[in-house]
Amino acid sequence: MSNLVKYRIAKSSALKIFTIFLAFVCVVPLIFILLYIIRAGITKINWHFLVNIPKPVGESGGGIANALLGSMIIIGVAALIAIPVGILGGIYLNENKKSRLAYWSRLCVDILQGVPSIVIGIVAYFWLVKPLGGFSALSGSVALAIMMLPIIIRSTEETLKLLPDSLKEAAFALGMPFHRVILKVIVPCGISGILSGVILSVARIAGETAPLLFTAFGNPYISTNITKPMQSLPLLIYNYATSPYNDWLDLAWGASLILLLWVLLLNIITKLTTRRWKVQL
Amino acid sequence: MDAPVEKDMMTRSSEIPMRVINSAKASEVVNTIKRIKRSYRQIRTENVFKKTLVIIGLVMVILVFGILLTLVVESLPSIKALGLKYLWGKTWDPVQDVYGAFPFLLGTLLTSFLALIISIPFSFAVAVFLGEYYPKGWLSDFLKNTVELIAAVPSVIYGFWGLAVLVPIVRSFESKIGVEPVGVGIFSSSLILAVMIIPYAASLGRSMIQMVPSQLKEGAYSLGATRWEVIRSVIFPYTKSGLFAGVLLSLGRALGETMAVTMVIGNTSIIPKSIFAPGNTMASVIANQFTEADKPIYVSALIELGLVLFLVTVIINVIGKKIISRFTNE
Amino acid sequence: MESTIIRSKNFNAYFGENHVVKNVNIEIPKNHVIAVMGPSGCGKTTYLRCINRMHELIPGATCNGEMVLNDEDVYSMHPIFVRLKIGMVFQRPNPFPNLSIYDNVIAGYKLNGIKLPKGERDKVVEQSLSRAALWKEVKDSLHKKGTFLSGGQQQRLCIARAIAMEPEVLLLDEPTSALDPISTSSVEDLLHELKTNYTLIIVTHNMQQAARVSDRTAFFYMGELVEYDDTKKMFTNPRDNRTQNYITGRFS
């Protein structure tokens with residue numbers, strides 16, 4: 001009996017140590033990747049790198065200005081589409097918990113979240129690229145907007161769900177019409193939660209490559225016309241990383257570090273806004 | 001929808017003029033009319049707003065069905081021409097117009113399940129560590145944030161790193177164990193995928209484990225169970241459906257993951273002979289060949305892959321989400 | 001001369017900075033029912049949970065002082081031994097939802113990795129369920145899930161689960177507070193019968209219950225053990241003013 005108990009206690013602590021070990025092994029590859037990219041990318045980044053466009057094969061130097069600008073435009077347009085639709089969608093789901101349309105709508109949001117990004121790329125190709133007669137930044141933005149929607153909708157819904165009903169009742173009791181109650185009382189109260197959802201959605205799509213392959217397509221020059229092909233950071237990394245030229249690989253490492261920093265920054269901002277929001281509640 | 005508003009307005013407008021008559025000042029009459037107009041406008045805006053919300057709700061449904069419809073319509077030529085043979089055909093040769101998707105189905109299943117098998121012990125360990133052993137404190141904050149970061153790093157960066165660092169390592173490993181040292185292939189893709197999907201099962205598992213009622217755990221402790229026995233006999237059985245859903249959602253991620261896999265899998269359309277051989281997944285074939293596809297049937301055959309991928313991930317996600325919502329409602 | 005089974009000396013318990021059990025000295029005789037009563041937040045449940053070391057499972061909870069079971073210090077034993085000897089029944093019935101009634105009763109054996117032959121297992125289940133006065137009601141549905149039972153039946157199942165391990169002491173933490181009156185009386189009747197085999201310590205905030213079921217009563221107030229005496233004496237002629245106030249309902 002006593003030996004059995006001793007064995008069980010030993011087994012319990014051995015498995016605990018094993019679990020802790022496994023849990024922390026997960027961290028190792030991430031740290032490897034981060035360190036490697038910082039080391040490979042940091043020497044490539046300078047002012048010249050940020051304001052110039054890539055040089056052709058054989059010439060060293062060059063930068064990623066076209067990709068930086070392109071990424072900003074594509075993500076900006078995507079956000080312009082996704083933010084209003086997403087927030088209204090979240091409000092709809094929160095206000096109609098029981099209706100049949102809301103059930104299907106919620107299910108579709110869930111489905112949308114799981115759709116592989118490459119599939120969204122194909123669909124955007126048939127919806128926009130083919131009818132408009134060519135690759136365009138706009139079609140890339142639409143593809144990214146579709147990917148942002150579920151995140152914004154869900155975080156808006158979750159935030160609004162946490163607000164007490166008394167708040168809405170108080171506003172209705174003052175004779176405010178529904179849209180004012182929502183837009184002037186409910187949304188402002190939950191704004192930081194909604195905002196963190198928006199930032200998170202931008203963070204998620206900032207590094208997406210697959211939906212842009214057949215939409216924004218890429219462009220070696222600076223372009224600001226959203227109806228024409230446009231370069232973006234992840235596309236540039238993909239194209240140059242799989243090329244055999246050392247100059248281009250260097251460019252891709254620099255671009256990877258910039259993309260990584262940008263995505264990490266957005267994630268940290270999300271974390272901070274969420275924390276702030278929780279404390280407020 | 002407009003009818004009740006009109007009626008509402010009539011009662012109000014018939015009320016207010018009564019008051020107007022009582023106080024016979026002209027300016028007040030004007031003011032009252034203004035107020036009537038304003039509240040009428042308010043009610044109209046309210047209705048427009050409510051309708052907009054419904055339309056947005058509808059848009060979500062249309063979006064998903066639109067995606068499905070587009071995929072089905074665009075892959076019809078291939079479905080008609082190839083039928084079910086498409087799924088079991090072992091050769092993919094666009095030049096000869098032979099389209100068999102089996103190598104890619106196999107490649108997708110191999111990479112995803114291998115990745116899942118590698119990642120499960122780690123994601124469960126993270127879930128148990130954060131959910132049971134150390135739910136609070138700086139150490140668990142650190143682990144939680146790092147694991148979340150794993151999900152945040154863009155897939156193209158994993159692919160690039162895999163190509164530059166992991167593939168050479170795998171290559172030397174392969175030459176040591178005596179298989180053809182190509183480096184790129186199913187095995188490398190699975191390793192990268194395994195890292196990428198850890199966060200999904202881990203974070204879901206953690207929240208499920210934290211929901212185990214403490215009375216149940218105390219019940220087992222009071223009978224003399226050790227910590228491990230509580231985890232194995234109370235926490236795991238209680239959360240098994242939730243943990244399963246987490247694994248399912250990770251699988252959905254792995255199946256649809258494109259860029260990282262495309263960059264390290266080697267892109268060959270023949271059936272992989274071993275897990276170290278190069279291959280292709282459904283997503284990586286689409287990424288590689290879609291812009292090169294020059295014949296309508298070729299494009300259509302690629303879209304059909306997208307359709308299969310879409311259907312599989314939808315089914316997996318819906319089942320996973322259903323399990324989770326049933327679990328959280330209990 | 002009755003023998004003492006549990007003795008605590010200068011026993012203190014804390015939640016972080018909060019001193020919730022203050023300097024408790026108590027001697028608990030064998031094969032008796034001891035009721036621990038007091039207003040909510042007086043530390044009675046915490047004290048109970050200290051006896052079988054469940055208190056330390058809560059993060060930030062600490063305790064000090066002497067707690068002795070059969071001349072052996074509880075806090076120098078491994079908690080598993082302590083919990084095998086001192087069983088516990090909780091405020092809300094907590095049968096394991098994934099196990100059948102049968103498996104719930106022998107859960108203690110399963111969890112402890114003790115393999116019983118089938119015949120003996122059946123015997124333990126039947127004996128424990130009969131002692132818990134549940135056998136007649138469930139003998140035909142032993143392999144149904146325990147959560148299908150009514151609240152009172154679930155609580156008796158939890159008692160059966162605890163006594164299946166043959167503990168020396170059984171701790172009951174407000175075992176009837178979540179139950180209806182009929183279930184309550186069936187659990188109370190059970191306590192009388194269990195007394196012959198076990199020592200029972202029952203926490204209750206219900207004075208009538210304390211008076212009905214116990215041989216001795218301990219009264220806790222603001223973390224202190226105010227009075228500990230024969231139940232009859234305590235309810236008829238309390239020594240302390242605070243006890244007097246409590247049993248006459250002047251505060252709650």
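The legends below describe several close-up views of a predicted model.

**View 1. Confidence along chain A of the predicted model.**
Chain A has an average pLDDT of 89, and 97% of its residues score at least 70. Within chain A, confidence is lowest in helix α8 (residues 165-173), where the mean is 77, whereas α4(A) has the highest, at 95.

**View 2. The contact between chain A and chain B.**
To this contact chain A brings 66 residues and chain B brings 67 residues. On the side of chain A that touches chain B, the elements that give two or more residues include α1 (2-25), α2 (27-42), α4 (65-95) and α12 (246-280) of chain A. Of the elements on that side, α1(A) gives the most, with 12 residues. Sorted by class, the side of chain A that touches chain B holds 49 nonpolar, 12 polar and five charged residues.

**View 3. The contact between chain C and chain A.**
Here four residues from chain C meet four residues from chain A. On the side of chain C that touches chain A, two residues are nonpolar, two are polar and none is charged.

**View 4. The two assigned domains of chain A.**
The domain assignment divides chain A into domain 1 (2-42) and domain 2 (47-280), and the centres of these domains, taken over C-alpha atoms, are separated by 34 Å. Five residues from domain 1 of chain A and five residues from domain 2 of chain A take part in the contact. The side of domain 1 of chain A that touches domain 2 of chain A consists of four nonpolar residues and one polar residue, with no charged residues.

**View 5. The two assigned domains of chain B.**
In chain B the assignment gives domain 1 (2-80) and domain 2 (85-329), whose centres, again taken over C-alpha atoms, lie 46 Å apart. Nine residues of domain 1 of chain B are in contact with 11 residues of domain 2 of chain B, and the side that domain 1 contributes has six nonpolar, two polar and one charged residues.

**View 6. Helix α7 of chain B, residues 186-210.**
With 25 residues at 1.5 Å a residue, α7(B) should span 36 Å, and this agrees with its end C-alpha atoms, which are 36 Å apart. Along the way, α7(B) bends by about 35° at B:I197, and a proline, B:P199, follows within four residues. Because 23 of the 25 residues of α7(B) are buried, the helix is largely enclosed by the rest of the structure.

Key:
Residues numbered from 1 in each chain as written. Chains lettered and ligands numbered in written order. Predicted model: local features only at pLDDT ≥ 70, side-chain atom pairs only at ≥ 80, totals over all residues. Expected span 1.5 Å × (residues − 1). Bend = angle between axes of the 7 residues up to and from the residue. Buried ≥ 20, exposed ≤ 12 C-beta atoms within 10 Å, placed from the backbone. Contact = placed C-beta atoms within 7 Å. Nonpolar A, V, L, I, M, F, W, Y, C, P; charged D, E, K, R; others polar. Domains from an automatic or database assignment. pLDDT = per-residue confidence, 0-100.
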